[in-house]
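Q: I have a structure open here and would like to go through it with you, bit by bit. Can we start with the charged pairs?

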Amino acid sequence: MDLTTTYLGLKLRTPLVCSASPLSQQLDNIKRMEDAGASAVVLYSLFEEQLLRDRLDVEESLERGTSSFAESLSYFPEPEEFNLEPQEYLAHVERAKRSVGIPVIASLNACSSGGWTKYARDIEVAGADAIELNIYNIPADAKQTAADIEGKYLQIVRDVSAEVKIPVAVKLSPFFTNFANFAARLDEAGADGLVLFNRFYQPDIDLETLEITPNIVPSSPSALRLPLRWIALLFGHTDASLAATSGVYSGADVLKLLLAGADATMLCAVLLRDGIRQIRTIERDLAAWMEKCKFESVGQLKGSLSQINCANPSAFERAQYMRALTGYRQASAGPP
Amino acid sequence: MEVKKSSNGPQFATIDGNEAAAYVAYRVNEVMAIYPITPSSPIAEWCDQWASEGKRNLWDTIPEIAEMQSEGGASGAVHGALQTGALSTTFTASQGLLLMIPNMFKIAGELLPTVFHVTARTLATHALSIFGDHSDIMAVRSTGWGMLGAASVQETMDFALISQASSLRSGLPFIHFFDGFRTSHEVAKIQLVPDAAMRALIDDGLIAERRARAMTPDHPVLRGTAQNPDAFFQGREAANLVYAGCPDITQQVMDEFAKQTGRSYKLFEYVGAPDAERVVVLMGSGAEVAQEAVEHLNRKGEKIGLVKVRLYRPFDCARFVQSLPASVKAIAVLDRTKEPGAAGEPLYQDCMTALVEARPAGRTLPVLVGGRYGLSSKEFTPAMVKAVFDNLAAAKPKNHFTVGINDDVSFTSLPVDAEFSTEPDDVVRALFYGLGADGTVGANKNSIKIIGENTPYCAQGYFVYDSKKSGSMTVSHLRFGRQQIRSSYLITRANFVACHQPGFLERYDMLRDLVPGGTFLLNSPLSRDEIWPRLPTPVQQALVDRKARFFVIDATSVAHGSGMGGRINTVMQVCFFALSGVLPKDEAIEAIKKSIKKTYGRKGEEVVQKNLKAVDNTLANLFEVPLTSKVNGTGGYLPPITPDAPPFVRNVLGTLAAGRGDDLPVSAFPRDGTFPTATAQFEKRNLALEIPVWNEAICIQCLKCTTICPHATIRAKVCDAAQMDGAPATFKSAAARAPEWKGMRFVLQVAAEDCTGCSLCIEVCPARDKKESKRKAINMAAQEPLRVSERENWKFFLGLPEMDRRKINTSQLRQQQIMQPLFEFSGACAGCGETPYLKLLTQLFGDRAVIANATGCSSIYGGNLPTTPYAKDAQGRGPTWCNSLFEDNAEFGMGFRVSLDKQRDMAQELVIKLAGTIGDDLANQLLHSNQADETGIAEQRERVAVLKQKLQALGSPEARLLLSLADNLVKKSVWIIGGDGWAYDIGYGGLDHVLASGRKVNVLVLDTEVYSNTGGQMSKATPRGAVAKFAAGGKPGCKKDLGLIAMAYGNVYVASVAMGAKDDQTLKAFVEAESYPGPSLIMAYSHCIAHGIAVDIGVGARQQKLAVDCGQWLLYRYDPRRADLGENPLQLDSPPPKAPIKDYLLSENRFKMLTMSKPDAARQLFARAQSDVDSRRKFYQFMQSRTLKVEPATPVEPKITIPVQPSA
């Protein structure tokens, strides 16, 4: 049985890719991912803000209170070299590449274009096989139009694509007026793949301190539905690879996404919850189902239930919503 | 160090004296035992840093660096290293050198070659001083060491090598000394000693011979024997020839050094007219000043000379006499030390001996006088040198004189012509007034480097700092010239003066030193049109009088606009180069940009870019203000001390506060170093741009704000409503919420002019506006518009009566906090983590506290002149405070206890004896008073007052004696206070002994987990993984558990507290500790600027909470009294950890830095830090859960009885 897939032009053994998470901060985990059967790994994110803040923080911190009092003209030894991000990140990419045979995809998390985009080139030089560009922006400025925001996104993609020769995937939120249109424009701007969808840190309220506390809640299996829909809608309409992330917990989830048209399925929450070993279980379940249903290859599966290939194209649009709603009402009414 | 390389010629570097000494010491040693002490700490810091970076010495190995627990330990370790064959050294000064004396006698006695590099510093006598003089090196002149003194940064580097080579060749250990601060901290452009010269001077054969003499079981020897009268004396004389040969050897090394480097030195070097009749003799940096003066005066036709003493020990009498011109008729020997009671100061006596011994028969001696100058870095100028020569010209020169002060008590001082100057016209002289940490000093050091490295100019920089740690002013003195700069004194004739902080304008006369036609640069937000009328009148007048050029830049806006935050360093540096003409402007700007890339490159491109942007923005915003003759300013300078201060505070301390202390005569000072307390209240520093403002409607009166306030500038009182009559219109109060105070008014008031604006109070305030969550019960608002009204409010607040202490329940923070703090407005860092504990201590026990304070931050903000934060209550009672030393504080405090107890016992004995006269009832009450609470203490005070009245009427000797002792009948609270450097390291032996003694002393350890006062060196309290000086790679070992060690005694009350995490637990611990009848030890977690956190913006309390929440800092109380009740003495007050330790570690730069400098080490150490926390918690839980039968540990006080009078 052929489980291979092509994602961002990279030939992968299976569609099971580990998505960006704290797990990949440790080299041992990356090796364990490979051992458990991951076909590629997306490293944890290097944040644009982090690139700037780390430098400014260190500088400010080393200089705070200095040259004020004759006995304590400074408070820290000043190392000759700082392994600031991205140096540490780049070293991590290098180490990861040396340690595993599977493709290593670096992740850059950004919200604006600017000088930082040159780090994409550093990442390429460090040996990454591809870059996943996680564009993360909560538009809160009422004066900013949707067109402005989309324009910024496209500029970031153009800037980063211009810096590197390795493929660039773009990880996005679903919050666009017409995602299909925007996906096409990202494709034009140079995106080699679309990763659907990223999850934002959401604010929470601490009732003890009455303060806002940001945190992240792992995706639930139901989160799968959103990428499922959009992958199915985009399949066949874009040259970019399609990857699904959020809510991928089981072999069944993977199958559904592949049927919708995903080239790769990203695993994160399930690995945090059940351990890296779980990749092997998911692969086994995937293969078992294909065996049972007489599918010979992932290529055969891919997109067979996408909008353009499925028997009922409207199933992914509003008509399906109407039907679901009607069905729900009937079901909840119960038997007479 | 940046080295300017040329293809063949010498290499230049612009460095300070400490780095110059370290440069050589590092290359020629293998083992360094170090300990921090100002001003030598940076030498050790350089060596430690180079070792951590893997730099190698002459023999291609990385020297081993070991931080010890004290200088005594360092000298012992060096002694051991020398005995076993390593090339070993250490660096120290002042008290540190004194602690080395025992080992120094041993090292010399055993003829072990080594060099100790000493930044000569004042010894503590009537006061501590961190500044420079020769009292420390003179105190060790009898140890038998060679002593070689450098006078400049160049000589410091050169003599570091010459002393090393001389030591190896002669077999004598050497002290290489140079003046603390004046040379150790002066930045100068010097020629580096090439490695080849070091190789040429240091004979590997001699090193091999030394190693062959080292202790080894392979060819064993016996050293350190004990000898009897039959042997010792001869043995002591056996090394005479070594001493006799040493001067020749040293001169030979100097001659070889000259061949290698072209710089030639003599043991006694004569400078001046060959036929001079008057000569001065001195050593150290003063010799450079004297040379400048001698050369200047000789050019004007004088015939005078100078002998610079280089090798002070062994003192080569013959060479000294030979160095004098035959024409000499009068000699003045200047000593930078004082030996009270001696026939003369040491160098004077040596010179006198040499002359007398060398006098040919029948010839008269030249006149020889001795004088003192420059104690504690007191300025020593060419004008003073001239005064010394003028004295020698007198028919009967004054002997044992002083110069540089006005001695109106014993009239030793020489008159000095203040107008005399030798400053050459071709030297650019610039003065910069900056605020500590605003980057001024750093930028100026950088400017010196730029000029040093890009031009043939010589450069010199010297920096003067404030005695306060918050809102402190720095003054940079920079000189640039074509000739060698020997001016080791402050600039008083500046071509360029820059004021980097507009607030200084109204406080300091910065134009005093500007020459006519000079340039004044001001950082100000005001525009070209606004600026002139907003200047203080004297500033306008000075600018007009001097026909100065006046330039303005809004550096703060330019810095913000360039992404630099509040750091104006680059902006002001660009202005200096654009205006001073030291370099052509374009060339200078190019050099600055190059330097920015070099300096900040390793910190990241963003830091470089923002600095480059600042350069361009500066040039676009700098403008000249044309002077008008209209002097119409805002009035005079603000007084440094408020007019209501007592005369001594106003006249003496006020003059010191104004920076004019040099003008005070000897008679202004106490002869024993005693000063009044309660003086900080008169120094209104107006540091805060924003101050807290109370919203009485939201406030829940919890008083967490007053508890945490490090400067006691937010205060509460509860009064009768009638007392609000006459309150200023903006004075606020609210109905008191505590049921006990029903009907009374609660007042919260801020001392607006004393507040530092740290906002810790806002951080801890739990009360929020229900409608608008961001508003709390206190909120920050601009100070300036509130200054006048709040000054009035504060005055009214102070006038309100304090509540009777007997009515305050000290077990509740919200009540206890209305007690008057007797520690206020200290000069500690804004947002300091230590001072809230001291304030609490003084609220609870201040009116009867006797404090022994170890040297460190707390002794500096507690006792550095001009003023002290220790205060008095309305009855005139308050803490009495003294700092003895760093190393002996526990013993010093125990001395208080023993003495006070003895005097109490004597008083009680006398009460018993006089019972019949003073009345048995009174006597019984005096002897058996229960002073466990405020009521008991108040009643005993009343009894003592009655007793004193009765005693006044009695004339007997016993009555008079009891009168002098009676106050001891009221309980005194002895507090032994210090930092972790003292308690965990240097003072640990003493502390351990005092705790073991069972005496009733209270020990408060303000644990910042690092040597904060000397700049962040590792102590044994430093946690694992923290980056500190001497632990650049993160501290590998875990924090010492001092509390656990103390608990092992079983009869010591021990508490570990963190006010920012649990303030009520802190309060409980203080009350319990003080009430415990044996020794108590409180370890108080004190957040600190050395943790790499923004203490000045109120994050300290949050960090304390985080430290507790993740288990890094355990809260507990161990009370042996509980064992008497059958309970476990240990109470763990920390909840189980809520977060992984990493959350805390990454929030402080001391840990986070390691993830950037050594990520692999960080991963390992952080993991171990987590297991430290886990296992420590488990262990304490186990201790707490044990059910042990513990024997009562409370010491039983003997019952005092009045004997029945037999006659009755």
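Q: How many salt bridges does the structure hold over all chains?
A: The structure, which is a predicted model, holds 76 salt bridges over all chains, where a salt bridge is a side-chain nitrogen of Lys or Arg within 4 Å of a carboxyl oxygen of Asp or Glu. Side chains of opposite charge can pair when their charged atoms come close.

Q: What should I keep in mind about the numbering and the confidence limits?
A: Residues are numbered from 1 along each chain as its sequence is written, and chains are lettered from A and ligands numbered from 1 in the order in which they are written. Because this is a predicted model, local features need pLDDT of at least 70 and side-chain atom pairs count only at pLDDT 80 or more, while totals for chains, interfaces and linings use all residues; side-chain values use heavy atoms, with hydrogens and water left out.

Q: OK, which residue forms a salt bridge with Arg278(B)?
A: The partner is Glu302(B), and the closest N and O atoms are 2.8 Å apart.

Q: Is Arg278(B) buried or exposed?
A: Arg278(B) is buried, with a relative accessible area of 15%, while Glu302(B) is partly exposed at 30%. Buried means under 20% relative accessible area, exposed over 50%, and partly exposed in between (1.4 Å probe, protein chains only).

Q: What about a pair inside one helix, where do Arg943(B) and Glu939(B) lie?
A: Both lie in helix H32 (residues 934–953) of chain B, 4 residues apart, which is about one turn of the helix.

Q: Which residues do salt bridges that share partners join into one network?
A: That network is made of Arg897(B), Asp901(B), Arg904(B), Asp905(B) and Arg999(B).

Q: Switching to the interface, how many residues does the contact take from chain A and chain B?
A: With contact meaning heavy atoms within 4.5 Å, 38 residues come from chain A and 55 residues from chain B. The area buried between the two chains is about 4300 Å², of which carbon and sulfur atoms give 53%; buried area is the accessible area (1.4 Å probe) that two parts lose on being put together, summed over both.

Q: Which residues in chain A lose the most area to chain B?
A: Those are Phe69(A), Glu71(A) and Tyr75(A), together 17% of what that side buries.

Q: How many salt bridges are there across the interface of chain A and chain B?
A: The rule finds 2 across that interface. Glu63(A) forms a salt bridge with Arg567(B), with the closest N and O atoms 2.1 Å apart.

Q: Last topic: how does the span of helix H20 of chain B come out?
A: At 1.5 Å a residue, the 16 residues of H20 (residues 585–600) of chain B should span 22 Å, and its end C-alpha atoms are 22 Å apart, which agrees; the expected span is 1.5 Å times one less than the number of residues. Among the buried residues of H20(B) are Ile589(B), Lys593(B) and Tyr600(B).

Note on methods
Helix = DSSP H or I, 4+ residues; strand = E, 2+ residues; numbered from the N terminus.
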